[in-house]
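Please keep the structure in view while reading the points below.

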Amino acid sequence: MRARRFLSLIATASLLLIVSGCAAPAEAPAPATPAPAATGPVVSFYGDSYTRGTGASATDKRWSTIISAERGWQEINRSENGLGFVNRRASMGPGLDDIPAQVIADDPDLVFVTMGLNDNFSYDRAADRIRETIDSDLERLREGVPDARIVVVEPFWYTADRPASVDVIAGWVEDAAARIGADHIAGASHWLDGHYADSPDSWMAGDGLHPNDTGYAYLAERMDAALGALDPPL
């Protein structure tokens with residue numbers, strides 16, 4: 001059954017507290033099960049607030065749901081606010097502290113990994129653990145869903161101030177993706193350049209931390225183009 005489904009797939013401290021706990025009041029809960037209208041491949045998203053859609057006016061405005069709807073994918077969004085490979089990992093509560101296990105249990109045809117932004121706020125004290133967990137998470141996913149296609153996206157970023165850790169973590173993510181034979185999408189940390197909260201043309205929500213509907217629509221546009229450039233395209 002998986003073969004048939006897969007073939008169809010081919011055709012900082014206060015800042016830390018702010019970002020790790022960010023949840024816009026207008027945010028609707030992320031669905032835990034596929035949208036019933038979708039009949040295509042099952043796609044599980046493992047990410048943080050930028051994939052959960054925090055800051056969007058509704059879940060159908062987040063980039064993951066936009067690209068899933070366009071492709072007829074059955075989206076399962078396992079993303080959580082403030083989550084990183086290390087950041088908040090131990091304090092998420094039962095089940096949420098091991099989202100990779102949930103992704104594996106989804107038995108997906110396709111997995112998106114869009115993690116790493118929040119780990120910048122733990123980098124100074126936990127760099128080694130971040131790198132180790134990136135490797136272990138991706139290895140577990142590859143072993144747990146060996147027939148699934150895995151797409152690993154460069155971590156998003158949200159300010160013009162860009163600490164050196166952003167590129168270091170992005171490099172670790174890219175290297176780990178290569179080791180498990182996953183697709184990798186580079187450049188995502190720059191997709192909102194020029195449209196941050198303090199920009200004249202801001203695409204950020206009222207909290208100043210997350211994209212608004214315009215920002216998410218642009219992330220979806222960039223992701224759509226990046227997926228189309230993969231070999232084979234998605």
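Leaving aside residues up to four places away in sequence, Asp60 touches Thr65 and Ile66. The model under discussion is predicted. Asp60 is placed in the loop between helix H3 (49-52) and H4.

**The setting of Asp60**

- Asp60 and Asp213 are 153 residues apart along the chain, and their C-alpha atoms are separated by 9.6 Å.

**The sheet**

- The model contains an open sheet of five strands, arranged in the order E2-E1-E3-E4-E5 with parallel pairing.
- Strand E2 (74-77) and strand E5 (183-185) are at the edges; each has a single partner strand, so one side of each is left without a neighbour in the sheet.
- On average, and with direction ignored, neighbouring strands of this sheet are turned by 20 degrees against each other.
- Five bridges join strand E1 (residues 42-47) to strand E3 (residues 110-114), and the two strands pair in the parallel sense.
- Val43 has Leu110 in E3 as its bridge partner.

**Helices on the sheet**

- Helix H4 (residues 63-71) lies across E1, E2 and E3, and runs at about 165 degrees to E2.
- Helix H8 (residues 213-228) also packs on the sheet, where H8 touches E3, strand E4 (149-153) and E5.
- The direction of H8 makes about 140 degrees with that of E5.

Terms used:
Residues numbered from 1 in each chain as written. Predicted model: local features only at pLDDT ≥ 70, side-chain atom pairs only at ≥ 80, totals over all residues. Heavy atoms only, no water. Pairing = 2+ DSSP bridges. Helix = DSSP H or I, 4+ residues; strand = E, 2+ residues; numbered from the N terminus. Axes fitted to C-alpha atoms, helices over the stretch in contact; angles between N-to-C directions. Contact = heavy atoms within 4.5 Å.
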